[in-house]
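Me: Hi! I'd like to talk through this structure with you before I set anything up. Can you take my questions as they come?

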Amino acid sequence: MLRRLSVCVPSVKVARFYTPSEELKKLYASDFERMDFPVNIIPSDSVTFAKFLYKAVEPKNSFDAILKDFQTIAASIPKLPVFWERTVVVSEVKEFKSLSAPTIFTLEWMQSNGMLDLLPDVVEVYETYVNAKMKRVTAKIHVAPGKEQDRALIEKAKKVAEQVVKDSKELAGYTLVLKVMVDRSIVEGFAVDVQGTYVNNAVGRQKETQASGEADYTTIPPPRLTKTTWEDNIETEMLRKYLDSLALYDAEELKNGV
């Protein structure tokens with residue numbers, strides 16, 4: 001279960017102290033989870049962290065600052081150890097120095113509870129709140145590795161997403177926000193996901209599956225069988241005859257089919 005800590009000092013190998021601002025501590029001690037939010041989401045630990053971030057920046061409407069922090073974290077992850085959520089000290093990560101105070105506070109809080117692995121879920125919930133507040137809709141564009149910066153491809157995907165939004169009465173008046181994501185199952189093309197409406201213009205593993213499915217296994221040569229040498233006694237004689245009958249049956253099945 002999620003633990004509320006009056007002072008965020010996660011237990012890790014290196015002892016250090018993090019001193020949050022009085023404003024953040026006041027919000028932390030409040031019942032911020034029960035305040036009003038743009039959309040109702042089933043409660044969970046991830047939702048609690050996202051709610052804190054949302055309420056921390058709501059007074060100044062600086063929602064995009066947190067979104068920018070998430071982008072900074074995502075760009076930093078490849079430089080961190082494989083299991084960085086369990087090993088790094090948040091306040092000592094060089095790439096995290098530029099993060100806003102609410103984000104640092106939340107990361108420290110999550111680490112104190114051993115929940116940094118929930119960060120992707122926190123990001124998704126927070127984006128949901130902000131999108132509902134700002135009347136934005138996120139279009140997730142899935143592309144092959146190395147195609148994230150392909151402007152022509154992204155532009156094609158954007159047009160598809162715009163058409164989906166245009167065709168939806170529920171999304172009338174919403175601003176489209178693109179989120180490019182790498183999908184290693186895609187070889188070429190793209191797929192677009194706009195709030196559950198999925199448009200697949202990608203070609204991927206299906207090619208490999210079709211190739212294997214079209215193989216003609218009847219052209220595979222039969223195995224070369226070697227005759228077993230048996231000891232001369234009644235037990236092996238009976239077993240030999242039984243196995244020979246099975247081999248004969250298999251040979252007929254191979255020739256004539258089942």
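Me: What does the secondary structure come to?
Reply: This is a predicted model, and its secondary structure comes to nine helices and four strands. Starting at the N terminus, the order is α-α-α-α-α-α-β-α-β-β-β-α-α.

Me: Nice. And what percentage of the residues count as buried?
Reply: Of the 258 residues, 34% count as buried. The accessible surface is about 17400 Å², and 54% of that belongs to carbon and sulfur atoms.

Me: Which residues have the most contacts inside the largest nonpolar core?
Reply: Those are Phe-52, Phe-70, Phe-96, Leu-107, Leu-119 and Tyr-126, in a core of 40 residues. The elements that give two or more residues to this core are H1 (22-29), H2 (45-57), H3 (63-76), H5 (101-112) and H6 (119-134).

Me: Which helix gives the most?
Reply: H2 does, with eight residues.

Me: Tyr-126 is one of the buried residues of H6. Which are the others?
Reply: Besides Tyr-126, they are Leu-119, Val-122, Val-123, Val-125, Glu-127, Tyr-129, Val-130 and Asn-131. What covers the buried residues of H6 includes H2, H3, H4 (84-87), H5 and the strands E1 and E2 (175-182).

Me: How does the span of H6 compare with what its 16 residues should give?
Reply: It agrees: at 1.5 Å a residue H6 should span 22 Å, and its end C-alpha atoms are 22 Å apart.

Me: And what follows H6?
Reply: Lys-135 does, and its phi is positive, near 55°.

Me: Switching topic to Thr-138. Where does Thr-138 lie, and is it buried or exposed?
Reply: Thr-138 lies in strand E1 (residues 136-143). Its relative accessible area is 16%, so Thr-138 counts as buried, the cut-off being under 20%.

Me: What does its side chain join in a polar contact?
Reply: The side chains of Thr-138 and Asn-131 are joined by a polar contact of 2.8 Å. Asn-131 is also one of the buried residues of H6.

Me: Which other residues does Thr-138 touch?
Reply: Besides Asn-131, Thr-138 touches Val-177, Lys-179, Asp-193, Val-194 and Gln-195, not counting residues up to four places away in sequence.

Note on methods. Residues numbered from 1 in each chain as written. Predicted model: local features only at pLDDT ≥ 70, side-chain atom pairs only at ≥ 80, totals over all residues. Heavy atoms only, no water. Buried < 20%, exposed > 50% of the residue type's maximum accessible area, 1.4 Å probe, protein only. Areas by Shrake-Rupley, 256 points an atom, 1.4 Å probe, with all protein chains shown as cover. Core = buried A, V, L, I, M, F, W, Y, C linked by side-chain atoms within 4.5 Å. Polar contact = N/O pair within 3.5 Å; in protein donor to acceptor, adjacent residues only side chain to side chain. Contact = heavy atoms within 4.5 Å. Expected span 1.5 Å × (residues − 1).
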